[in-house]
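Keep the structure open beside you as you read.

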Amino acid sequence: MTTPPSERFPDDDLPEGSVVDGTCILHATDDEADFVVVGSGAAGSVAAHTLARAGYSVAIVEEGPWVKTRDLSEEVGESFARMMRDFGLQVLKGRAYMPMLQGRCVGGSTLVNSAIAWRTPEDVLDDWKARFGVDLPKQELDACFDVLEDDLSVRAVADEVLGENNGLFIEAAKARGWETHVMRRYDKGCEGSGFCLTGCPKARKQGMSVTYVPWALALGARIYTSCRVKRVDVRGDRAVAVIAEAEGGGRVVVRARRGVLVAASTVQTPGILRRSGVRAAALGRHFQAHPGLALGGQFDRPIDMKFGATQGAQSTHFRDSHRFKLETISMPPELAAARVPGVGHDLLRRLSKLGHTAVWCAQIRAEAEGTVGTSWDGRDKVDYTMNERDMMAVRKAVSTIATLMFDTGAREVWPGIYGLPSVITSADQIRLIDEAPLDPRNYGFVVSHLFGAARMGPDPRTSVCDTGFQVHGVQGLYVVDSSVFPTNLGVNPQHSIMGLARLAALRIADASRYRAAS
């Protein structure tokens with residue numbers, strides 16, 4: 001991939017001195033700011049920008065590198081090595097091992113996801129209030145979403161970049177009478193390049209590394225990249241600094257005059273809190289997820305996943321009744337080929353028709369809860385096993401996708417379930433899916449939506465943070481990522497993560513201003 005030298009991107013021209021590259025920090029480094037934000041993904045970048053715009057000095061500490069738009073590669077292996085945690089090989093461990101995808105770079109997963117914008121469903125907010133005592137007024141959240149959507153150009157996928165993979169799904173779902181619509185995304189002129197999963201080559205996808213992080217720096221913030229946070233320094237009952245280890249070997253201490261906001265993700269945040277001395281009983285518990293799985297199918301008609309919005313169509317028709325959401329996903333050839341069944345001649349025949357292959361998927365609104373802990377070598381680990389009700393939802397989702405594919409003329413569908421034929425060739429064979437085992441080891445899951453291992457609530461016996469996002473018992477230590485969510489959502493979480501982070505930062509800024517005035 002080459003970029004014309006004359007083309008400029010938002011991450012090209014940054015204020016001098018605003019980016020401190022941890023690979024170049026060889027010795028001890030000290031700094032100070034009003035607020036220190038740990039993490040630059042969906043939550044951290046929004047919180048940092050909100051605080052900077054409120055007039056506070058802000059320092060961001062990010063574990064990964066800043067991969068600039070002009071340095072992106074369309075090669076999946078290279079991209080995953082540079083931008084994904086553990087090269088994309090991180091797993092949840094339980095009855096089944098599930099790959100767990102997390103961005104590890106400036107912008108976090110927003111650099112490599114599909115930029116889908118879903119406001120927090122009202123039924124979720126009602127449930128949080130009734131069961132967990134977490135009252136997040138819809139009017140306040142809506143005001144946050146309004147700002148985010150204006151800032152990030154949220155819009156429905158345009159017809160000219162919808163692509164056949166998305167269009168065919170919409171055709172099939174509508175023919176069944178199911179609710180379906182195009183995705184709303186953070187999109188400033190998508191060209192349908194299909195490179196969302198390796199980073200948008202034209203910065204049209206409005207990820208955090210080309211929006212809120214540069215915008216925060218323009219307001220005077222600083223960012224330390226390639227610096228892994230070891231702990232928050234807590235003196236007495238107050239958070240006073242962030243201590244990190246730079247990739248270059250130096251120790252970085254950033255003192256916080258007013259507070260520390262942890263936004264390191266549902267998996268990494270609990271570890272940082274533990275290393276900082278937080279001993280809440282709920283810490284690391286109540287982890288939830290949206291396990292996802294995909295089916296491939298081959299058609300006589302061309303699909304050409306190389307063109308079109310990576311994820312452009314969806315249906316929530318089964319979200320309430322069966323606890324899953326249907327989506328499309330266009331995969332690069334390297335990833336799509338990994339789902340192609342067969343060996344020898346059969347495999348080559350199918351690979352030769354990769355341009356006629358569609359991939360549709362489901363995210364499961366699983367009820368199961370797991371734990372986030374620390375392994376023997378100090379690494380974060382997640383233990384998680386889906387329950388029987390979750391697996392019944394999985395089986396129904398696979399059956400539903402297969403039905404849609406045959407409805408629209410699929411020659412063959414690949415269920416991806418161990419113990420079943422790797423290829424089914426008619427709708428009559430869907431009964432095999434309906435009778436498939438409920439053992440999670442028989443399915444190929446991927447998990448990228450993570451929630452709840454430092455959840456919020458009014459009672460310190462059952463939660464980690466109070467309803468003001470502050471860790472119980474520690475002044476000035478806040479958590480603003482999806483680890484505070486009491487449950488999962490049943491829809492894509494990035495917008496909710498950003499909305500709650502903005503709400504938290506506004507409240508923190510107001511409280512800090514009030515304390516200063518009094």
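Predicted model: local features only at pLDDT ≥ 70, side-chain atom pairs only at ≥ 80, totals over all residues.

Residues are numbered from 1 along each chain as its sequence is written, and side-chain values use heavy atoms, with hydrogens and water left out.

Alanine 115 sits in the loop between β5 (98–99) and α3 (122–132); helices (H or I, at least four residues) and strands (E, at least two) are DSSP runs, numbered from the N terminus. The phi of alanine 115 is near 60°, a positive value in a residue other than glycine. Histidine 286 also has a positive phi without being a glycine, at about 65°. You will find histidine 286 in the loop between α7 (268–275) and β13 (288–299), and its relative accessibility of 14% means that histidine 286 counts as buried.

Now follow alanine 115 to one of its partners, lysine 205. Leaving aside residues up to four places away in sequence, lysine 205 touches Thr110, Leu111, Val112, Asn113, Ala115, Tyr186, Cys196, Cys200 and Val210, where contact means heavy atoms within 4.5 Å. Is this lysine 205 buried or exposed? With a relative accessible area of 7%, lysine 205 is buried. Its place is the loop between β8 (184–186) and α6 (212–218).

For a contrasting loop residue, turn to histidine 317, between β14 (313–315) and β15 (324–328). Its relative accessible area is 35%, so histidine 317 is partly exposed. Histidine 317 touches Gly177, Trp178 and Glu179, again not counting residues up to four places away in sequence. Threonine 180 lies 137 residues from histidine 317 in sequence, yet their C-alpha atoms are 7.3 Å apart.

Next come the helices. The axes of α4 (residues 138–151) and α12 (residues 494–517) come within 9 Å and cross at roughly 110°; axes are lines fitted to C-alpha atoms, for helices over the stretch in contact, and angles run from 0 to 180 degrees between N-to-C directions. That angle makes α4 roughly perpendicular to α12, since 65 to 115 degrees counts as roughly perpendicular, under 35 as roughly parallel, over 145 as roughly antiparallel and the rest as oblique. The residues of this contact of α4 with α12 divide into 9 nonpolar, 3 polar and 4 charged (Ala, Val, Leu, Ile, Met, Phe, Trp, Tyr, Cys and Pro count as nonpolar, Asp, Glu, Lys and Arg as charged, and the others, Gly among them, as polar).

Helix α1 (residues 42–53) meets α12 too: their axes come within 8 Å and cross at roughly 30°, which makes α1 roughly parallel to α12.

Finally, look at the core. The largest nonpolar core has 160 residues, and Trp128, Leu273, Ile364, Tyr384 and Leu477 have the most contacts inside it; such a core is a set of buried Ala, Val, Leu, Ile, Met, Phe, Trp, Tyr and Cys residues joined through side-chain atoms within 4.5 Å. Helix α10 (residues 388–407) gives the most to this core, with 10 residues.

Definitions and conventions. Buried < 20%, exposed > 50% of the residue type's maximum accessible area, 1.4 Å probe, protein only.
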